[in-house]
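Work through the exercises below on aromatic rings. Each task is followed by its solution.

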Amino acid sequence: MKKRLYITALVMLASIAGAKAESDFSGTISADFVSRYIWRGQDLGHVSVQPTLGVAYKGLSLTAWGSVGLTESSDTKEFDLTLAYTTGGFNVGITDYWFSTGQDPDARYFLYKAHKTNHVFEGNVGYDFGFLRAQAYVNFAGNDGLNKGGKRAYSTYLELAAPFRFVTCDWTATVGAVPMASTYYGTSGFAVTNVGIKAEKAIKVTDSFSIPLFAQVVGNPCSQKAYFVFGFTLRP
């Protein structure tokens with residue numbers, strides 16, 4: 001009898017521990033549909049679907065993200081993997097970007113050789129103050145751009161984003177700059193490449209399902225381009 005009670009207690013403790021461990025994990029699955037793919041002030045494609053799949057354990061997360069053009073077959077396909085850690089307002093991460101166009105005309109995913117790969121490896125660090133988010137991104141390997149001397153630029157992008165609430169929408173004002181010459185961003189020196197304002201609002205469909213809509217106006221003072229983007233997100 002005691003042995004049976006002992007085994008039962010062990011099973012219960014194991015179940016409780018397993019449930020607690022599982023509760024520390026969280027998952028993400030979603031897809032954005034955008035009228036145009038604009039990234040850091042650059043035009044990267046037409047109407048696109050951009051799926052996200054991620055898993056997180058406490059402050060550590062691994063996320064897969066992609067982009068595929070829906071109306072223009074010539075649009076570059078993209079597949080990114082990001083490993084990140086967040087604690088409080090601080091965050092740090094590494095992203096492996098892969099593009100179907102680049103140095104390798106055969107678009108081989110598992111080709112990582114310098115000067116031949118279509119991968120770009122980027123490190124990032126930032127802090128969220130609540131009223132303001134500051135982030136820095138630096139390419140450190142892969143198919144990075146070149147500086148004026150024709151050498152790896154270690155292309156860097158700096159961004160400030162300020163979220164606020166106004167007229168029933170969630171807004172974010174963003175300004176981003178590239179501090180040096182880089183063919184990756186199309187800059188010849190310090191340049192502001194991204195000035196934008198984005199509004200988001202969830203449209204209720206049923207009591208348990210809503211569709212987040214968003215629209216943004218983006219300007220790139222460096223390239224003298226401006227864009228208006230509309231999209232929505234689907235998630236379980």
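**Exercise 1.** Which residues form one aromatic cluster with W39?

Solution. The model is predicted. The cluster consists of W39, Y97, F99, Y137, Y157, Y184 and Y185. One of these rings, Y137, also has a charged neighbour: R40 lies over its face, 4.0 Å from the ring centre.

**Exercise 2.** How many aromatic pairs does a search of the whole structure find? Then classify the pair Y37 and W65.

Solution. The search gives 19 aromatic pairs. For Y37 and W65, start with the distance: the ring centres are 5.8 Å apart. Next take the angle: the planes meet at 55 degrees, so the pair is tilted. Now place the pair in the chain. Y37 belongs to strand β2 (residues 37–39) and W65 to strand β5 (residues 60–69). Finally, check accessibility. Y37 is buried at 6% relative accessibility. W65 has a relative accessible area of 22% and is partly exposed.

**Exercise 3.** Classify the pair Y109 and F110, then state whether each residue is buried or exposed.

Solution. The centres are 5.1 Å apart. The planes stand at 80 degrees. Planes over 60 degrees apart count as edge-to-face, so this pair is edge-to-face. Y109 has a relative accessible area of 18%; under 20% means buried, so Y109 is buried. F110 reaches 71%; over 50% means exposed, so F110 is exposed.

**Exercise 4.** Over which ring does the charged end of K198 sit?

Solution. The ring is that of F214. The charged end of K198 is 4.7 Å from the ring centre.

Methods. Residues are numbered from 1 along each chain as its sequence is written. This is a predicted model: local features need pLDDT of at least 70, side-chain atom pairs count only at pLDDT 80 or more; totals for chains, interfaces and linings use all residues. Side-chain values use heavy atoms; hydrogens and water are left out. Rings of Phe, Tyr and Trp (its six-membered ring) pair if their centres lie within 6.5 Å; planes under 30 degrees apart count as stacked, over 60 as edge-to-face and the rest as tilted. Helices (H or I, at least four residues) and strands (E, at least two) are DSSP runs, numbered from the N terminus. Buried means under 20% relative accessible area, exposed over 50%, partly exposed in between (1.4 Å probe, protein chains only). A charge sits over a ring if NZ of Lys or CZ of Arg is within 6 Å of the ring centre and within 35 degrees of the ring normal.
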